[in-house]
Amino acid sequence: MSSDTGSVQVDTPATGSLAEPNRHGYHRFSLGEFGFERDEYFAHITWPTGAHVMSVDSFLRALQRDVAWNFFYGIVNFDGVFGTVNHYGTVDIFAGRYNDAYRKAELDYLENLETDDIRGVFMAILDDWTNEGFDPFASPAETGTAFGEKHGSNTAAVSRVRVEAKRMVGLPGDEKIRDDAGGHPVNRQFADVAQDEPVVEARPGYEDRVGGFNLAAYLSRSPVTWNPSIVSVCRDSLMCPTTEEYILPIIHGNDRAEWFVLLSDEIVWEVEDRDSGAKRATVTMKAGDVAAMPADIRHQGYAPKRSMLLVWENGSADLPALISSGQVSARPVEF
Ligand code: PHB
Ligand code: FE
C-alpha cells in the first residue's frame, strides 16, 4: 500500500477494494485501470491518461442509479466526463469518451468489463462511501448530508430494488399498491392527491386478469426521486412512471427513443448531442405535455418541485442494433 498523502494514486491494478481505508475512513477501489477514492467532499477518479473530480453527493446519486438500474438503456453519464455504456452483458466504463475536448486531446479512455464485475465493485463503492443519514435516491430536501468523514452506513437505502411489475401493479402476485400500512406515506408535496382506488368488478374467472389502480396515488407515495418504476408491461411496452425533484443525477445517453408524458408540474430538459455533448435543445415540459426523445441524444432533467413523469420505454433488445445500423430511425416521429 502507498501511504495516504491525499493523492489519488491507485495502489494495484487489481479489481476491487484496496485493503486499508484512507485517513477519512473510506476505502479505495479499482476497476481495471480506473481508480476511485473519496475524501470529505469529493470523489476522485483516475485512469491512465487522466484524473477527474466530482462532488461526492453527485457521484453517489449517479452511482446509485447506475447500480439500481443495472446500467440502464445505453449511456449513463455521471457528468460530462465519466460514465458507463450498457452492452447488455458487458459494460464500458469510460472517461472523456463522449466529450469533444477530451477526444480531440486524445485523453479519453475506455475499458469493457463483464456486467457482474463492474456491478459488484460499484455496489461496494456505493455502500462504503454512503454515510448514515444520506440517501442517494432521496430529494436533497429529504435526506441528510453525503459529506464528511466516514460515519456509519445506509445499506438499506442503497440496496433498494427497483419496482418491476411482471404484468401490472395491483394484479394478483404482482407489485403491491402503496399505502400507509405498507410503509409508503404520501409525500409532503403530494398532500392534495386523491387517494381513492378504482372499484374493479371482474367477471367470474377473470379476477386474475383484470385490474386497475390509482397511478397518481401510487406515485404520491414514492419515497424516491428520479427512479422510474415499471408499473405495467405489455410485451416490450414498459410504463415507467417516476417522481422527480431537483436534478436527474445522470445525463442519460439514449440507445432508443423514449417518450415522456408529464403528469404534473414542470420539468426542464437540457438536451445535447449524445456523442459530443453539443447543445441541441432546452425542452420545458408542463403538466400534460408529451415529448419524444430521439435515440441520438442525451438529456438531463430539472424539476423545480416534485412532479410526476411517465417515461414510456420500448424494452426490445433488438433496438440498439436496429438504430445504430440505420434500419430504424433515431427519431420516433417526423414533423
Ligand atoms: C431518462 O433518462 O430518460 C430518465 C431517467 C430517470 C428519470 C426520468 C427519465 O427519472
Ligand atoms: Fe433517458
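Modeller: Happy to! In this predicted model, K104 and D100 join their side chains in a salt bridge, at 3.7 Å from N to O. Both residues belong to helix α2 (residues 100-104) and sit four residues apart, about one turn of the helix. In general, an α-helix has 3.6 residues a turn, so residues three or four places apart point the same way. K104 is exposed, with a relative accessible area of 69%, while D100 is partly exposed at 36%.

Now to a pair with another setting: the side chains of E142 and R306 form a salt bridge at 3.5 Å, N to O. This one links distant parts of the chain, with E142 in the loop between α3 and α4 (155-158) and R306 in strand β17 (residues 297-314), 164 residues apart. E142 counts as partly exposed, its relative accessible area being 30%; R306 is buried, at 0%.

R167 and D208 also pair up, their closest N and O atoms lying 3.2 Å apart. Here too distant parts of the chain are linked: R167 and D208 both lie in the loop between α4 and α5 (215-220), 41 residues apart. Counting a side-chain nitrogen of Lys or Arg within 4 Å of a carboxyl oxygen of Asp or Glu, the model has 21 salt bridges.

Conventions. Residues are numbered from 1 along each chain as its sequence is written. Chains are lettered from A and ligands numbered from 1 in the order in which they are written. This is a predicted model: local features need pLDDT of at least 70, side-chain atom pairs count only at pLDDT 80 or more; totals for chains, interfaces and linings use all residues. Side-chain values use heavy atoms; hydrogens and water are left out. Helices (H or I, at least four residues) and strands (E, at least two) are DSSP runs, numbered from the N terminus. Buried means under 20% relative accessible area, exposed over 50%, partly exposed in between (1.4 Å probe, protein chains only).
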